Amino acid sequence: MLKLFSVMNPKKFHNHLHTLKHDRFGLSTLLADEFYQFRLQILAEFQADHTLNDWYLIGTDGCHLCQIASELLAQTATIQNLPPIQTLDLVDCQSVPIIDSLGVHIPILITPTRLLCYPFGMMDILSLSQQAY
């Protein structure tokens, strides 16, 4: 059953974006419920259909690092079952603050439990795939 959460306070959401812009690990201390709210707001700004277990790779068309991350995810999927991975293009985002904050760290992998900014490797992905949701 999908747990429903209220929308995150806009000021708090923008504070988290500001933190992320200046520290790619800045959201690692968020509690699970707060991260879930943050994730839902990010996905809503992309107007992305989301499910509880899907992963999202945020990048841009023509970004060589985004291509490397996509290939890394494909390689990892050959040795470990991964959830469905949706690709989101940063230019499709409806929010300038999100584009400004996330754009400095793409590619970004968003799972139900973590946000991982590049650089990340196969061991990081494997670790995320083994976490319980």
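A salt bridge is defined here as a side-chain nitrogen of Lys or Arg within 4 Å of a carboxyl oxygen of Asp or Glu. The model is predicted, so local features need pLDDT of at least 70 and side-chain atom pairs count only at pLDDT 80 or more, while totals for chains, interfaces and linings use all residues. Residues are numbered from 1 along each chain as its sequence is written, and side-chain values use heavy atoms, with hydrogens and water left out.

Two salt bridges were found in a search of the whole structure. In one of them, the side chains of Lys-12 and Glu-34 meet at 3.1 Å, N to O. This pair links distant parts of the chain, 22 residues apart: Lys-12 lies in helix H1 (residues 10–22) and Glu-34 in helix H2 (residues 32–45). Helices (H or I, at least four residues) and strands (E, at least two) are DSSP runs, numbered from the N terminus. Glu-34 is buried, with a relative accessible area of 17%, whereas Lys-12 is partly exposed at 41%; buried means under 20% relative accessible area, exposed over 50%, and partly exposed in between (1.4 Å probe, protein chains only).

A salt bridge also joins the side chains of Asp-100 and Lys-21 (2.8 Å, N to O). Asp-100 belongs to helix H4 (residues 96–102) and Lys-21 to helix H1, 79 residues apart.

Strand E1 (residues 55–59) is mostly covered, with five of its five residues buried. Trp-55, Leu-57 and Gly-59 point one way from E1, and Tyr-56 and Ile-58 the other way.
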